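Visitor: Please take a close look at one single part of this protein for me. Then show me the surroundings it belongs to.

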Amino acid sequence: MWSYGPTAGHTPDSDLSGYRVEATDGRIGKVHKHSAEVGPQYLVVDTGVWILGRKVLLPAGTVTGMDHEDRTIRVDRTKEQIKAAPEFDEERHLGDPRYRDQLGGHYGSGH
């Protein structure tokens with residue numbers, strides 16, 4: 001769940017900041033931040049007006065593909081699944097393993 005799959009198109013030196021993020025049923029926002037180090041890998045996505053300016057954390061395992069020329073990332077979750085995820089607070093949750101467990105349970109269960 002917390003690492004990019006072999007067909008996701010991610011390379012360790014990729015700067016994904018600003019990439020558009022597409023759910024299975026439409027655009028959800030742009031990458032605000034992403035992890036590039038070894039360990040739990042993720043995207044922090046700024047949803048803009050879609051969820052009232054909220055940011056969401058997406059485990060790297062949700063990424064199904066990247067188009068580096070078009071600067072687009074595709075994830076295998078619906079907009080509703082992402083919107084229903086546990087609320088993300090960048091200051092409190094970014095390094096919190098309990099939050100990652102909670103989020104992994106949400107996305108892993110197919111909510």
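Guide: Start with one term: a contact, or touch, means heavy atoms within 4.5 Å. This is a predicted model, where local features need pLDDT of at least 70, side-chain atom pairs count only at pLDDT 80 or more, and totals for chains, interfaces and linings use all residues. Residues are numbered from 1 along each chain as its sequence is written, and side-chain values use heavy atoms, with hydrogens and water left out.

Let us look at R54. It sits in the loop between β3 (42–46) and β4 (55–59). Strands are DSSP runs of E, at least two residues; helices are runs of H or I, at least four; both are numbered from the N terminus. Leave aside residues up to four places away in sequence, and R54 touches V45, D46, T47, G48, I82, K83, A85, P86 and E87.

What is the burial state of R54, and does a charge partner go with it, or none? R54 is buried, yet it has no salt bridge. Buried means under 20% relative accessible area, exposed means over 50%, and partly exposed lies in between, with a 1.4 Å probe and protein chains only. A salt bridge needs a side-chain nitrogen of Lys or Arg within 4 Å of a carboxyl oxygen of Asp or Glu. Lys and Arg count as positive, Asp and Glu as negative; His and the chain ends are not counted. For R54, the nearest side chain of opposite charge is E87, and it is 5.6 Å away.

R54 is buried, but V49 is exposed, at 80% relative accessible area. Pair V49 with Q102: they are 53 residues apart in sequence and 25 Å apart in space, C-alpha to C-alpha.

Next, turn to the helix side. Q81 counts as buried, at 15% relative accessibility. Q81 and H68 are 13 residues apart along the chain, and their C-alpha atoms are separated by 25 Å.

R54 has no salt bridge, but other residues do. By the rule above, the count comes to 6. One of them joins R20 and D70, with the closest N and O atoms 3.0 Å apart. R20 is in strand β1 and D70 in the loop between β5 (63–67) and β6 (72–75), so this pair ties together parts 50 residues apart in sequence. Both are partly exposed: R20 has a relative accessible area of 25%, and D70 has 40%.

Another salt bridge joins the side chains of K33 and E90, 3.0 Å from N to O. This pair links distant parts of the chain: K33 in strand β2 (residues 26–34) and E90 in helix α2 (residues 90–93), 57 residues apart. K33 is partly exposed, at 32% relative accessibility. E90 meets K55 as well, in a salt bridge of 4.0 Å, N to O. Here strand β4 supplies K55 and helix α2 supplies E90, 35 residues apart. K55 is partly exposed, at 24%. Put together, K33, K55 and E90 form a network of salt bridges.

One stop lies before β1 (20–23): H10 is in that segment. H10 is buried, at 18% relative accessible area. Leaving out residues up to four places away in sequence, H10 touches Y4, L16 and M66.

Finally, step back to the whole protein. There are 3 helices and 6 strands. From the N terminus, the order is β-β-β-β-β-β-α-α-α. The radius of gyration is 13 Å, close to the 13 Å that the globule rule gives for 111 residues, so the protein is as compact as a globular protein of that length. That radius is taken over C-alpha atoms, and the rule is 2.2 Å times the number of residues to the power 0.38. Along the principal axes, the C-alpha atoms fill a box of roughly 30 × 30 × 25 Å. Of the 111 residues, 44% count as buried, and R54 is buried too. Among contacts with a separation of 6 or more, 52% come from residues 24 or more positions apart.
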